[in-house]
Amino acid sequence: MLVHNADIAVVFQEIADLLDIKGDNPFRIRAYRNAARMLNSLAPSVQAMVNDKRDLSELAGIGADLAAKIAEIATTGTCALSEELRRELPPALHKLLSVPGLGPKRVKTLYQQCHIETLQQLAEAARSGQICTIPGFGKRTEQRILDAVQAQLSKSERFRIDIALQLGEPLVAYLKASKEVGRIEIAGSFRRGLETVGDLDIVASSPSPARLLRAFASFDGVDRVLSHGSTRASVVLHQGMQVDMRVVAEVSFGAALHYFTGSKAHNIAVRKIAQAQDWKLNEYGLFSGERRIAGESESSIFEAIGLPYIEPELRENRGEIEAARAGRLPQLVSQVDLKGDLHAHTTASDGRNTLREMAMDAQRRGLSYLAITDHSQRLRLVHGLDSEGVSRQIDEIDRLNDELESLTLLKGIEVDINEDGSLDLPDAILRRLDVVVGAVHSNFDLSRERQTERILRAMDHPCLALLAHPSGRLILQRQPYDVDMLRIIRHARQRGCFLELDAQPDRLDLTDINCMAAKQEGVLISIDSDAHSTFDFDHLRFGIGQARRGWLEKKDVLNTRPLDDLKTLLSGARMVP
DNA sequence: GCCGTTTTCGGCCCGACTGTTTTCAGTCG
């Protein structure tokens, strides 16, 4: 039985929830939650580690006990403690924790006093007015529960990073225009560059916090105000996204920005360092007793605790503190490092702009090369190109290249990988191209073994240079197809070809974890827009964010290379003369 | 349940807001 790291994380998370409701030792609960988080951001399969008899207690936050439980779950799919807790408490009970305003104490009370075990029962009890008769619960809590349960479907909703940007930017612009604000920034998971965000956290400094918060609460896009105090307020926008705003004095801005950027795990780790010096770190600054040592900027805090500045995208407590201590922080890739783009479409297939329009726009943006990679014939729906179509486009590109000044167009194709791993165009035409990008667009539900073999075989094609959007997922819409990504990464290494990080905000494929794994294996990543219009070149920023979360440096990214170096690398990937 | 350059035992991050309370527990980030 195949057990993924995420499956084990789910078991640990459920154990933590149920122990929490039971009122168990909070530090024991934290150990399970930390372990779940660690497993979710670990690329190598722990099941494989178990099979190889590796010592799991090498993993951060895993001791003898949790190592044994991981081995147990990896072998049987469950563990004795989980089963025991499920007998003791209704297994669905922990789902009540997802209702805002309900924590472990209240869930326990609801279960013990009213035998409420499910969201349906909770809704019933709230509707019948039973909840507000319980001590500690009032009319308003009851109403809040009712609203939350009814909105349950949309409640846990997360928003793609591009949507968050669309909603957040106008709000920040509005607040800046209010003249009540000094410094202001969107913090939280948005600033760390996550693929999706649950809410937006805005941090601002202001000489008049009350007026700024009033301006915030009366923003046109606000649907309702959840809370409104003297230093913070929370609202929900019409689109359903929650926005929290925190206002501090100028001297505390850096501390607040760091605090609200998170992640929580990173903050705890940093705070422990402060604590070891007998200092205190909170959102107002770094303090020795009453004396403020730092806080006006993030770098002042890092410097005071003896660390170099850590970029927001690294702040997940995935080794950045240790790397900072050792002076081994990566110099993260940034958008100015990108010299070109190896994946773009035109009106020849499903793009919305012509070849010329795409070329001119890429040139205007300062790229020095752009690979044109329309779809291949199999995708009839989007007018995929056959040999003849590709041939015509090759001639067109030759003519256009004569005209272009600072940009070189590369001849390419996004060729479909057939179910058997063969490519969707004859070798004769593929050999004429500068860059062949292979992609899976069909048969998503093959078994893990067959899907992996299919892709490995495609990578063995002598012309294939780049594997596009390797997991095939669509964020919040479609799960990745089941593949052994580590095998694919290692195969790319052996074969000398490259993997793509597709920068479309609904793909961001590879994930940060797999970027890390690719880097570790020495496989170069190409950060591509997969542009279907000239506007889509903007998406590169999201790809850069994802790459930075994956600790990628300029040297780890294929398309940071100047054109000549790129051509050398691409011809190296090609196994035929 | 984990962890250790004060520790193998005794620690484990910190503050704001809400609601139901009359001084604070629970929740959230």
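**DNA-side surface, sheets and cores**

Helix H2 (26-40), helix H4 (64-76), helix H6 (104-114), helix H8 (139-150), strand E5 (222-228), helix H14 (264-276) and strand E8 (280-282) each provide at least two residues of the surface near DNA strand B.

Colleague: Is this an experimental or a predicted structure?
Modeller: The model is predicted.

Colleague: Back to DNA strand B, then. Which element gives the largest share of the surface near it?
Modeller: H14 does, with 5 residues.

Colleague: E8 was on your list. What is the strand order in its sheet?
Modeller: The order is E8-E9-E10, an open sheet of 3 strands with antiparallel pairing. E8 and strand E10 (291-294) are the edge strands, each pairing on one side only. Neighbouring strands there are turned by 35° against each other on average, ignoring direction.

Colleague: How many bridges join E8 to E9?
Modeller: There are 3 between E8 and strand E9 (residues 285-288). Asn282, for instance, has Gly285 in E9 as its bridge partner.

Colleague: Changing topic: what about the sheet of 7 strands?
Modeller: That one is open too, with parallel pairing and the order E11-E12-E13-E14-E15-E16-E17.

Colleague: Why is one side of E11 and of E17 left without a neighbour in the sheet?
Modeller: Strand E11 (340-341) and strand E17 (525-528) stand at the edges and have a single partner strand each, so one side of each has no neighbour in the sheet.

Colleague: How many bridges between E16 and E17?
Modeller: Strand E16 (residues 498-502) pairs with E17 over 4 bridges, in the parallel sense. Glu500 is bridged to Ser526 in E17.

Colleague: Which strands does H18 lie across?
Modeller: Helix H18 (residues 387-403) lies across strand E12 (369-372) and strand E13 (408-416), and runs at about 160° to E13.

Colleague: Now the packing. Which residues have the most contacts inside the largest nonpolar core?
Modeller: Leu370, Val435, Val436, Phe498 and Ile525, in a core of 115 residues. Helix H13 (residues 253-261) gives the most to this core, 6 residues.

Colleague: What does Val435 touch?
Modeller: Leaving out residues up to four places away in sequence, Val435 touches Leu342, Ala371, Leu410, Gly412, Ala465, Leu466 and Leu570.

Colleague: And the second core, which residues does it include?
Modeller: That separate core has 38 residues, among them Ile8, Val11, Met49 and Val107.

Terms used: Residues are numbered from 1 along each chain as its sequence is written. Chains are lettered from A and ligands numbered from 1 in the order in which they are written. This is a predicted model: local features need pLDDT of at least 70, side-chain atom pairs count only at pLDDT 80 or more; totals for chains, interfaces and linings use all residues. A nonpolar core is a set of buried Ala, Val, Leu, Ile, Met, Phe, Trp, Tyr and Cys residues joined through C-beta atoms within 7 Å. A residue is buried if 20 or more other C-beta atoms lie within 10 Å of its own, exposed if 12 or fewer, and partly exposed in between; C-beta atoms are placed from the backbone. Two residues are in contact if their C-beta atoms, placed from the backbone, lie within 7 Å. Two strands pair if DSSP finds at least two bridges between them. Axes are lines fitted to C-alpha atoms, for helices over the stretch in contact, and angles run from 0 to 180 degrees between N-to-C directions.
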